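Subject: Structure handover

Hello,

Here is the structure for you to look over. My notes follow below it.

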Amino acid sequence: TKNKEYIDFLKQKEFIFDIKPKEESFFPALKLDWNYPSIITNVLVHVNTLNAALFKLLSALNVKTMGVIVSKQDSINKINNFLNLDTLKKYSLQSFNIILLESDIDNIDLLEANPFITNITNLDQISKKNILEENRIVLNNPSINLYTEAQKHHTYFNRKLYIDEIGNIKNAPTSEDTFGKVKNIKTGLQLKAIVQSRKFQKYWFVNKEVCDICKDCEFRYMCVDNRLPIKRNIHSWYHKIEFNYNPYIAKWKDEKGYKTLAECGVSSSRDGFTINKEKLNQINKKLWGDD
């Protein structure tokens with residue numbers, strides 16, 4: 001059978017192996033529960049919103065990771081003013097990531113010399129300038145934490161907070177809903193009430209298993225997808241924007257032989273989800289052969 005062929009192949013490559021019945025207890029089932037001690041795991045802000053009051057608000061959420069977006073007009077000195085030992089002692093931040101929108105920002109060496117900066121990403125150099133608008137799928141390195149979170153949560157929106165360049169509070173850069181200005185938030189309890197509201201957490205539990213296309217994708221438990229899911233009904237969501245991988249033919253957008261969902265006979269919209277299996281089978285036979 002086809003399953004036996006797959007198993008034999010995996011054994012040959014030493015990806016799997018046989019065990020004796022008495023050895024089964026050595027391999028307990030993986031616990032798929034996920035939780036985290038922070039109300040918000042990651043916050044993304046623009047450098048012009050950085051101030052002591054913001055750090056104090058975020059400490060009420062026990063935020064561990066902060067990303068700071070820096071454009072050419074921003075002052076790198078401002079970042080370094082806040083990133084010092086006193087700041088790190090006062091607040092819970094453990095990871096501080098810088099996102100540069102342009103490659104020719106002056107004084108990058110000041111950032112590189114700062115011991116509290118965990119990572120610097122230059123979007124110019126990796127051709128991803130539109131971090132706030134570009135719709136794309138990012139595959140993260142596989143991890144138990146990401147895998148278990150993805151079982152019941154949307155790994156892009158879950159436990160995230162974004163403060164835009166004019167201080168609007170949002171769940172994430174691609175979110176449409178705003179929840180007031182951060183400058184008007186006086187206490188950590190006020191911010192905590194916002195992020196714990198049902199409206200703010202609208203997308204947190206929209207896991208891949210309830211989304212068209214995604215539920216059929218082999219990468220669904222390691223995918224961080226920033227597209228807004230749209231609710232069709234209580235158990236069914238879809239996306240208006242097609243992503244850059246087609247799981248029905250196992251092809252990425254820039255690969256030879258790639259076809260869009262429509263070209264494969266796959267339709268996903270508010271009206272429903274359908275697959276023309278005959279058309280899809282013909283395409284796969286042409287791409288991959290009769291097997």
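Trp252 is partly exposed, at 25% relative accessible area. On this scale, buried means under 20% relative accessible area, exposed means over 50%, and partly exposed is in between (1.4 Å probe, protein chains only). Please keep in mind that this is a predicted model: local features need pLDDT of at least 70, side-chain atom pairs count only at pLDDT 80 or more, and totals for chains, interfaces and linings use all residues. Residues are numbered from 1 along each chain as its sequence is written, and side-chain values use heavy atoms, with hydrogens and water left out.

Aromatic pairs

The whole structure holds ten aromatic pairs. Rings of Phe, Tyr and Trp (its six-membered ring) pair if their centres lie within 6.5 Å; planes under 30 degrees apart are stacked, over 60 edge-to-face, and the rest tilted. Phe219 and Tyr245 form an edge-to-face pair, with 5.1 Å between centres and 65 degrees between planes. Phe219 sits in the loop between helix 7 (188-195) and strand 8 (223-225), and Tyr245 in strand 11 (residues 245-246), so the pair ties together parts that are 26 residues apart in sequence. Helices (H or I, at least four residues) and strands (E, at least two) are DSSP runs, numbered from the N terminus. Phe219 is partly exposed at 22%. Tyr245 is buried at 4%. Tyr245 also pairs with Trp252, and this pair is tilted: 4.6 Å centre to centre, 45 degrees between the planes. Elsewhere, ring pairs link Tyr156, Phe157, Tyr203 and Trp237 into a cluster.

Nonpolar cores

A nonpolar core is a set of buried Ala, Val, Leu, Ile, Met, Phe, Trp, Tyr and Cys residues joined through side-chain atoms within 4.5 Å. The largest has 61 residues. Leu50, Met66, Val68, Ile79 and Leu161 have the most contacts inside it. Helix 2 (residues 52-59) gives the most to this core, with four residues. Which residues does Ile79 touch, not counting residues up to four places away in sequence? They are Val47, Leu50, Val68, Val70, Phe96, Ile98 and Leu111. Contact here means heavy atoms within 4.5 Å. A second, separate core has five residues, among them Ile69, Ile99, Leu123 and Tyr162.

Surface patch

Ile7, Phe9, Leu10, Phe15 and Ile16 form a nonpolar surface patch, with about 460 Å² of accessible area together. Patches take residues with over 30% relative accessible area and no salt bridge; like charges are joined within 9 Å, nonpolar side chains (Val, Leu, Ile, Met, Phe, Trp, Tyr) within 5 Å. A salt bridge is a side-chain nitrogen of Lys or Arg within 4 Å of a carboxyl oxygen of Asp or Glu. Areas come from the Shrake-Rupley method with a 1.4 Å probe; for residues, only the protein chains shown count as cover. Leu10 lies in helix 1 (residues 2-12) and is partly exposed at 31%.

Loops

Lys72 is in the loop between strand 2 (65-70) and helix 3 (76-82). Lys72 is partly exposed, at 41%. Its C-alpha atom is 8.3 Å from that of Leu100, 28 residues apart along the chain.

Ile213 is in the loop between helix 7 and strand 8 and is buried at 4%. Ala250 is in the loop between strand 11 and strand 12 (251-252) and is partly exposed at 34%.

Best wishes
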